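Look over the sequence and the model before reading on.

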Amino acid sequence: MQAILMMSSCTPVLTTLAGRNILFVMADKAEYGPHLQQRFTPLMTGIGPVEAAVQLTAALAALAQQGHLPDLVVSLGSAGSRVLEQTEVYQATSVAYRDMDASALGFDKGVTPFLALSATVPLPLRIPGLPEATLSTGANIVSGSAYDAISAQMVDMESYACLRACMRFDVPLIALRGISDGKAELHHVDDWTEYLHIIDEKLAAAVDLLGAALTGGEFSFAPE
């Protein structure tokens with residue numbers, strides 16, 4: 001069972017699953033179809049890492065001020081991949097920030113200077129029964145040969161930013177992504193939106209898996 005916990009007009013809506021308060025975060029209403037609409041009201045950040053960082057940080061700060069930080073943030077939406085099954089949903093096991101490149105100063109590509117984080121940050125929480133994949137976040141749409149420079153299995157534009165905001169407030173993050181594109185070159189926005197209705201249904205099923213795992217005690221907030 002789930003319930004919606006309404007906050008004030010300046011703070012986001014939390015969804016209660018098995019007694020846990022969850023903040024669901026999405027980039028754009030195009031990904032928020034009828035199946036997800038039946039399950040939660042998300043924080044909509046806008047597209048890209050800057051918008052995701054700004055909006056989620058502000059939301060968590062408002063919740064912290066009220067003493068209502070969520071138990072978990074779930075970032076969900078679409079992703080691109082040329083190696084994973086299109087329209088299938090995956091949970092990210094790690095996330096990298098592909099925009100960061102300070103290699104001219106001697107830092108490894110992907111490492112933010114003077115920040116004690118590796119180029120790839122693990123996401124240790126798992127939803128039982130959901131396929132896993134690695135994730136790369138950046139501000140660019142990846143298509144065709146641009147995948148050659150990326151070692152992660154799927155790409156998005158928000159999850160790393162969401163992770164950094166969550167780390168600031170010591171709130172765990174899960175990233176769920178449905179593969180919307182990647183097998184062919186992208187030429188128009190319709191190439192991204194074509195399968196979002198299928199991904200909406202499958203992301204909703206993944207949310208149900210999370211709820212079942214929480215109810216059954218199969219999901220731990222203190223990963224080994």
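Which residue with a positive phi follows α3? The residue is aspartate 170, with phi near 55 degrees. The model is predicted.

**Positive phi angles**
- Most residues other than glycine have a negative phi.
- Aspartate 170 has a positive phi, near 55 degrees, and is not a glycine.
- Aspartate 170 sits in the loop between α3 (159-168) and β10 (173-181).
- Its relative accessible area is 71%, so aspartate 170 counts as exposed, the cut-off being over 50%.
- Phenylalanine 114 also has a positive phi, near 65 degrees.
- The place of phenylalanine 114 is the loop between β6 (89-97) and β7 (120-122).
- Phenylalanine 114 counts as exposed because its relative accessibility is 80%.

**Helix α3**
- Seven of the ten residues of α3 are buried, so the helix is mostly covered, buried meaning under 20% relative accessible area.
- The buried residues are Ser159, Tyr160, Ala161, Cys162, Leu163, Ala165 and Cys166.

**Second largest pocket**
- The volume of the second largest pocket is about 330 Å³.
- Its lining has 17 residues.
- Ala96, Arg98, Ser136, Ala149 and Ile150 are the lining residues nearest the centre of the pocket.
- By type, the lining of this pocket holds eight nonpolar, six polar and three charged residues.
- β6 and β8 (132-137) each give at least two residues to the lining.
- β6 supplies the largest share, three residues.

Notes. Residues are numbered from 1 along each chain as its sequence is written. This is a predicted model: local features need pLDDT of at least 70, side-chain atom pairs count only at pLDDT 80 or more; totals for chains, interfaces and linings use all residues. Side-chain values use heavy atoms; hydrogens and water are left out. Helices (H or I, at least four residues) and strands (E, at least two) are DSSP runs, numbered from the N terminus. Buried means under 20% relative accessible area, exposed over 50%, partly exposed in between (1.4 Å probe, protein chains only). On a 1 Å grid over the protein atoms alone, a cavity is a set of points where a 1.4 Å probe fits but cannot get out, and a pocket is an open set with protein on both sides within 12 Å along at least five of seven lines; lining residues have an atom within 4 Å of a point. Grid points are joined across faces, edges and corners, and a volume is the space filled by probe spheres set on the points. Ala, Val, Leu, Ile, Met, Phe, Trp, Tyr, Cys and Pro count as nonpolar, Asp, Glu, Lys and Arg as charged, and the others, Gly among them, as polar.
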